[in-house]
Each structure stands twice: as structure tokens, then as C-alpha cells.
Amino acid sequence: MINPFCSKRTKLYAHWVEEQTKLHAKGALKLTMFFKDWPSSLQAFSQVWVLGGDGTYNFFANAYPNCQIPIAFFKGGTGNDFYWKLYGNVTREEHLETILRAKCQAVDAGMCNGQLFLNGVGMGLEGEVLKSMNAIRAIGGLIGYFLAAIPQLYLFKSFRIRMCLETEWIERQVFLCMVFNSSRAGGGFHFVPHASIWDNQLDVLLCEPLSIFKRIWYLPKIQQGKHEHISFLHFQQAKQITIQADRELKAQIDGELIVSEKFEFHVLPSHFMVIVP
């Protein structure tokens with residue numbers, strides 16, 4: 001399964017994967033490539049390989065929410081954050097060797113307002129950054145995220161939330177509000193460094209209102225994942241979460257834009273079987 005709007009470079013990568021698989025598998029695997037018009041059912045296949053970025057993975061998860069066959073993810077998007085969580089920084093040759101070994105492990109997924117996600121959801125600031133980033137998506141990755149984020153660090157206003165973790169309600173003014181299944185977003189920002197896709201939990205990150213100076217000063221620390229000790233950041237875990245904001249918010253869900261005042265989450269433990277190292 002390949003993003004139909006992918007770049008020429010990604011299409012060439014897809015064909016490289018096809019040729020290398022034929023070479024290494026020696027006929028043991030037969031690949032059928034779908035750039036568009038994905039099949040209505042996956043029953044005819046023993047594995048599914050998804051090539052794209054976090055948005056493509058999100059589209060796949062919601063198109064086949066009950067997929068039971070092993071899934072392999074290939075890097076071909078703007079951020080590739082969920083890919084990194086699964087495979088790390090490896091060469092394409094090393095990654096393909098991992099896929100051909102076909103070692104599988106079940107990973108969690110999350111649900112937000114009826115939509116599946118694999119990576120995470122950022123409400124408020126993250127949604128505004130995504131809206132800005134769409135204008136510079138060709139740059140992509142970490143640099144593109146920085147270029148989109150810096151103006152919003154000056155402009156974005158904090159908001160009030162009522163949040164329920166399981167059965168406990170809290171009320172708080174926040175600058176940043178995120179719910180993650182994985183740990184990274186924005187092409188390399190380690191928002192929740194110790195989040196696991198195998199622990200049957202969702203991770204919440206809340207940031208108290210900050211001065212513009214602090215917003216700019218701490219951005220690199222958050223990017224590097226060196227922020228878990230900072231007093232104005234709050235990390236929590238829960239299987240079920242409800243967040244009610246005091247105004248309509250833009251949010252990013254695996255790099256796709258949604259808008260709402262209320263966000264309801266729950267974890268889907270061990271939901272997808274994924275080919276891992």
C-alpha cells in the first residue's frame with residue numbers, strides 16, 4: 001500500500017523494495033503494489049506493507065481497522081515518526097532485511113473521537129503548527145516543523161481544559177496538550193520520550209502557560225527529549241481520557257488535521273500485528 005500522492009523519489013523507493021524483495025526472497029514472496037484504489041479487503045494477502053508517512057499509516061489503520069495479518073511499515077513521508085519508533089535509524093537495506101525475517105509483535109493503537117491513531121494527537125498548538133506546516137510541507141521533517149512552530153510559539157494563546165483520566169477529573173490552563181500512543185512527532189520531536197507502544201496505556205503531556213521567552217528557550221530541549229524533569233510539564237498515563245476545551249481547537253492526529261472542542265480517547269491494546277526487528 002503506497003501513498004497515491006507520494007513523491008517521485010518515494011515511487012522509486014517502492015520499486016526498489018519490489019526488486020530487492022524478488023532478489024532476496026527468491027520467489028517465496030509475491031508483491032502486489034497499490035498506489036491508489038486500495039483493495040476493499042486484505043483476505044487474499046498474508047502480509048501488508050505500507051509505504052508512506054504517519055498520515056498514510058493513519059489512513060491505512062482507519063481503512064482496515066480490524067486488520068489481523070502482519071503489517072510492515074516503510075518510510076516515505078514528511079515526519080516518519082511512527083516508523084522511527086518501530087525501526088529506529090537504519091538503512092533501507094537493513095530495514096528490508098528486518099521485514100523479510102518477518103518477526104511479529106502486537107502493538108497498541110489509540111482511538112480519538114472515533115478515529116484510530118498509531119502515533120499521537122496534539123491539541124491546540126500542534127493543530128496550528130500542522131495548519132502552518134501544510135504550506136511548507138515540501139520542506140518536511142524537523143526543519144519544516146521548526147519553521148512552522150516558531151511563529152505559533154509567539155501567537156498561540158493558552159486554553160482551559162477539563163480532563164478526565166479514567167474517573168478522576170482535573171481542570172487546568174494549558175499551553176500544550178497532547179495524548180500519545182508512541183513518543184515522537186513533528187519529524188523528530190521527542191514529546192513523550194518514555195512512551196511505549198506495548199504497555200496498553202496512553203500517555204498525556206500537559207504544559208502550563210509560558211512566557212514567549214520560555215517557549216523559545218525550551219523548544220530545543222523538548223525536541224531532544226530532555227524535558228521530563230521540568231516542573232511546568234506534567235506527564236500522566238491512562239487507558240481512557242476525556243478532554244473538554246473552553247474553545248474549539250485544531251488538533252493533529254498522526255499528522256492529519258481535525259477540529260473539535262471535546263476529545264475522547266481510549267487505548268486499543270495489542271491491536272495490530274507489526275513486523276519488527
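What does glutamate 171 count as, and at what relative accessibility?

Author: Glutamate 171 counts as partly exposed, because its relative accessibility is 48%. Here is how to read that label. Buried means under 20% relative accessible area, exposed means over 50%, and partly exposed lies in between (1.4 Å probe, protein chains only). The model is predicted, so local features need pLDDT of at least 70 and side-chain atom pairs count only at pLDDT 80 or more, while totals for chains, interfaces and linings use all residues. Residues are numbered from 1 along each chain as its sequence is written, and side-chain values use heavy atoms, with hydrogens and water left out.

Now the partner. Glutamate 171 forms a salt bridge with arginine 160. Their closest N and O atoms are 3.2 Å apart. A salt bridge here is a side-chain nitrogen of Lys or Arg within 4 Å of a carboxyl oxygen of Asp or Glu. Arginine 160 is partly exposed, because its relative accessible area is 35%. Glutamate 171 sits in strand S7 (residues 168-174) and arginine 160 in strand S6 (residues 159-165), so the pair ties together parts eleven residues apart in sequence. Helices (H or I, at least four residues) and strands (E, at least two) are DSSP runs, numbered from the N terminus.

Where else do such pairs occur? The whole structure holds four salt bridges. In one of them, the side chains of arginine 184 and aspartate 81 meet at 2.6 Å, N to O. This pair links distant parts of the chain, 103 residues apart. Arginine 184 is in the loop between strand S8 (176-180) and strand S9 (202-207). Aspartate 81 is in helix H3 (residues 81-87). Arginine 184 counts as buried, because its relative accessibility is 10%. Aspartate 81 counts as buried too, because its value is 2%.

Another pair joins glutamate 264 and lysine 262, with the closest N and O atoms 3.8 Å apart. Glutamate 264 is partly exposed, because its relative accessible area is 43%. Lysine 262 is partly exposed as well, because its area is 38%.

Phe265 belongs to the largest nonpolar core, which has 46 residues. Such a core is a set of buried Ala, Val, Leu, Ile, Met, Phe, Trp, Tyr and Cys residues joined through side-chain atoms within 4.5 Å. Phe265 is among the members that touch the most others, and so is Ile161. Strand S11 (residues 240-253) gives the most to this core, with six residues. A second, separate core of 41 residues includes Phe74, Tyr87, Ile99 and Val276. In soluble globular proteins, nonpolar side chains tend to be buried together.

To sum up, glutamate 171 is partly exposed and pairs with arginine 160. Arginine 184 and aspartate 81 are buried.
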